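Have a go at each task before reading on.

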Amino acid sequence: MMEFSHEYFMQQALREAQKAFDADEVPIGAIVVLNNRIIARGHNQVELLNDPTAHAEVLAITTACNALSAKYLPDAALYVTVEPCLMCCGALYWSKIGKIIYGASDEKNGFKKYVAQQPFHPKTEVVAGVLENECAALMKSFFRNKR
């Protein structure tokens, strides 16, 4: 089996973010990977669903848990284009996800603005900055078009 890189999987999350962008949603995308295979995808759908909890990470976690008929994801990895917010951190904590890989930092709404330590499960590994420029560029483009 071919081993895929963080960059490969982040590109897949960026595809999800582009779906959000095209739907006039804040362009954040997420995927869940287990055993080098994508088992769930999600992108922001807050506007579509009129639901402030319909963030990419939450939708991807829910899909992954449903696919596995499990409430915990200790062997899975979440790739998300932007640093998770506090709400998503709570969902990720309770999912006990094994690894979180994100692209761009979010100085305005990301977890690092609010907490000094990582807010995830103690066994969760965090990798930041994967395809950071590409992830940030999509966000900047979206908000530039809004102004």
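**Exercise 1.** With which residue does Glu-16 form a salt bridge, the closest N and O atoms being 3.8 Å apart?

*Solution.* Some ground rules come before the steps. You're looking at a predicted model, where local features need pLDDT of at least 70 and side-chain atom pairs count only at pLDDT 80 or more, while totals for chains, interfaces and linings use all residues. Residues are numbered from 1 along each chain as its sequence is written, and side-chain values use heavy atoms, with hydrogens and water left out.

Step 1: apply the criterion, a side-chain nitrogen of Lys or Arg within 4 Å of a carboxyl oxygen of Asp or Glu. The partner is Arg-41, with its closest N and O atoms 3.8 Å from those of Glu-16.

Step 2: Helices (H or I, at least four residues) and strands (E, at least two) are DSSP runs, numbered from the N terminus.

Step 3: check exposure (buried is under 20% relative accessible area, exposed over 50%, partly exposed in between, with a 1.4 Å probe and protein chains only). Glu-16 is buried at 4%, whereas Arg-41 is partly exposed at 36%.

**Exercise 2.** Find which residues are linked with Glu-16 in a network of salt bridges.

*Solution.* Step 1: look along helix 1 (residues 6–22). Glu-16 and Lys-19 are three residues apart there, so about one helical turn separates them.

Step 1: check the contact. Their side chains meet in a salt bridge of 2.9 Å, N to O. Lys-19 is partly exposed, with a relative accessible area of 42%.

Step 2: Glu-16, Lys-19 and Arg-41 make up the network.

**Exercise 3.** The structure holds three salt bridges. Work out which residue pairs with Glu-125.

*Solution.* Step 1: the partner is Lys-99, and the closest N and O atoms lie 3.8 Å apart.

Step 1: this pair also links distant parts of the chain, with Glu-125 in strand 5 (residues 125–128) and Lys-99 in strand 4 (residues 99–104), 26 residues apart.

Step 2: now for accessibility. Glu-125 is partly exposed at 41%, and Lys-99 is partly exposed at 24%.

**Exercise 4.** Say where Lys-140 is placed and whether Lys-140 counts as buried or exposed.

*Solution.* Step 1: Lys-140 belongs to helix 5 (residues 132–146).

Step 1: its relative accessibility is 54%, so Lys-140 counts as exposed.
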